[in-house]
Amino acid sequence: MSFKEQIIPEKLPAHIAIIMDGNGRWAMKQGKDRVFGHQHGIGAVRNAAEAAAELGVKYLTVYAFSTENWNRPRMEVDALMSLFVETIEQEQETLKKNNIRLNAIGDLASLPKENYKKLMDAIGRTKDHNRMVLTLAMSYSSRWEILDAVKKILEDYNRKKITADDLTEAYFGLKLTTAGMPDPELLIRTSGESRLSNFLLWQAAYTELYFTSKLWPEFEKEDLYEAIVNYQNRERRFGLTSQQLNR
Ligand code: IPE
Ligand code: IPE
Ligand code: MG
């Protein structure tokens with residue numbers, strides 16, 4: 001049986017997050033420069049988004065560029081920024097065909113103006129799509145996001161809109177860039193690294209982590225299905241005992 005056939009529709013994660021890693025290594029392996037790897041990573045994003053939408057996943061969040069990635073060589077950063085703009089424009093049809101709404105999280109104000117504008121335009125064009133939300137994490141890091149949330153909360157507090165007692169997990173969640181989305185049930189990272197690299201630290205408190213040695217440009221629909229099947233075979237206990245869950 002293929003992995004796709006093994007997926008139990010009733011147990012499908014509503015939100016999948018992906019750390020798309022390994023573009024550089026994939027390119028170097030074949031004697032090409034790192035940017036070649038980023039270019040080939042786009043097809044993998046398209047496949048993953050299509051596969052997730054077809055299955056009925058409601059939210060797919062992909063880590064495209066971290067706050068730390070700004071420190072890469074200037075040439076690579078510039079190439080990535082140009083690639084984002086081109087891709088966003090070229091993939092309009094994919095988003096339309098699959099009824100996918102585009103969204104972005106991160107310190108978007110730090111993006112080059114041109115990128116910011118084109119990103120906002122693309123988001124606007126997909127605002128009525130309702131099959132799945134595809135969120136691009138761009139210039140994103142969890143610590144930035146959490147500090148940003150704390151600043152917003154301090155503002156509310158200073159304006160006497162809230163007291164310390166109002167500060168619940170739910171309220172805090174509303175100040176994060178992912179406000180309104182469920183926490184991801186499954187987080188996938190490619191390229192064999194087993195770390196979160198500053199991605200969704202608050203939201204992934206109880207997320208099932210799945211690491212694969214596949215490099216991002218090699219990641220296919222079947223790999224997504226395999227990750228989902230692996231997730232569905234786990235027991236999510238949330239601190240309870242197995243006996244409590246199976247009573
Ligand atoms: C992930 O691939 C893409 C981005 C971080 C933008 P990498 O560029 O990190 O590839 P490796 O990890 O060096 O192979
Ligand atoms: C994480 O990958 C960020 C993205 C995938 C966008 P990195 O390649 O930047 O992470 P580290 O530096 O290996 O942890
Ligand atoms: Mg990497």
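A molecule sits in a pocket if more than half of its atoms lie within 2 Å of the pocket's grid points. With that in mind, welcome to this predicted model, where ligand 1 sits in the largest pocket and ligand 2 sits in the largest pocket as well. Let's walk around each ligand in turn.

**Ligand 1: who is around it**

- The shell of ligand 1 includes a run of residues made up of Met 20, Asp 21, Gly 22, Asn 23, Gly 24 and Arg 25.
- Arg 34, His 38, Ala 64, Asn 69, Arg 72 and Leu 80 also belong to the surroundings of ligand 1.
- Sorted by class, this shell has 3 nonpolar, 5 polar and 4 charged residues.

**Ligand 1: contacts and cover**

- The side chain of Asp 21 has an N or O atom 2.8 Å from an oxygen atom of ligand 1.
- Helix 2 (23–29) and helix 3 (34–55) are the elements that give two or more residues to the shell around ligand 1.
- Of the elements, helix 2 gives the most to that shell, with 3 residues.

**Ligand 2: who is around it**

- Ligand 2 has Ile 19, Met 20 and Asp 21 around it, together with Tyr 63, Ala 64, Phe 65 and Ser 66.
- Asn 69, Arg 72, Arg 189, Arg 195 and Ser 197 are also among the residues surrounding ligand 2.
- Strand 2 (residues 59–66) provides the largest share of this shell, 4 residues.
- The shell around ligand 2 divides into 5 nonpolar, 3 polar and 4 charged residues.

**Ligand 2: contacts and cover**

- Arg 195 has a side-chain N or O atom 2.7 Å from an oxygen atom of ligand 2.
- For Asn 69, the distance from a side-chain N or O atom to an oxygen atom of the ligand is 2.9 Å.
- Arg 189 places a polar side-chain atom 3.3 Å from an oxygen atom of ligand 2.
- Ligand 2 exposes 390 Å² when taken alone, and the protein buries 77% of that.

**Residues to look up in both shells**

- Met 20, Asp 21, Ala 64, Asn 69 and Arg 72 are listed around ligand 1 and also around ligand 2.
- Among these, Asp 21 has the side-chain contact with ligand 1 described above, while Asn 69 has one with ligand 2.

Terms used. Residues are numbered from 1 along each chain as its sequence is written. Chains are lettered from A and ligands numbered from 1 in the order in which they are written. This is a predicted model: local features need pLDDT of at least 70, side-chain atom pairs count only at pLDDT 80 or more; totals for chains, interfaces and linings use all residues. Side-chain values use heavy atoms; hydrogens and water are left out. A residue is near a molecule or strand if one of its heavy atoms lies within 4 Å of it. A polar contact is a pair of N or O atoms within 3.5 Å; within protein, one must be able to donate a hydrogen and the other to accept it, and residues adjacent in sequence count only if both atoms are side-chain atoms. On a 1 Å grid over the protein atoms alone, a cavity is a set of points where a 1.4 Å probe fits but cannot get out, and a pocket is an open set with protein on both sides within 12 Å along at least five of seven lines; lining residues have an atom within 4 Å of a point. Ala, Val, Leu, Ile, Met, Phe, Trp, Tyr, Cys and Pro count as nonpolar, Asp, Glu, Lys and Arg as charged, and the others, Gly among them, as polar. Accessible areas come from the Shrake-Rupley method with a 1.4 Å probe; for residues, only the protein chains shown count as cover.
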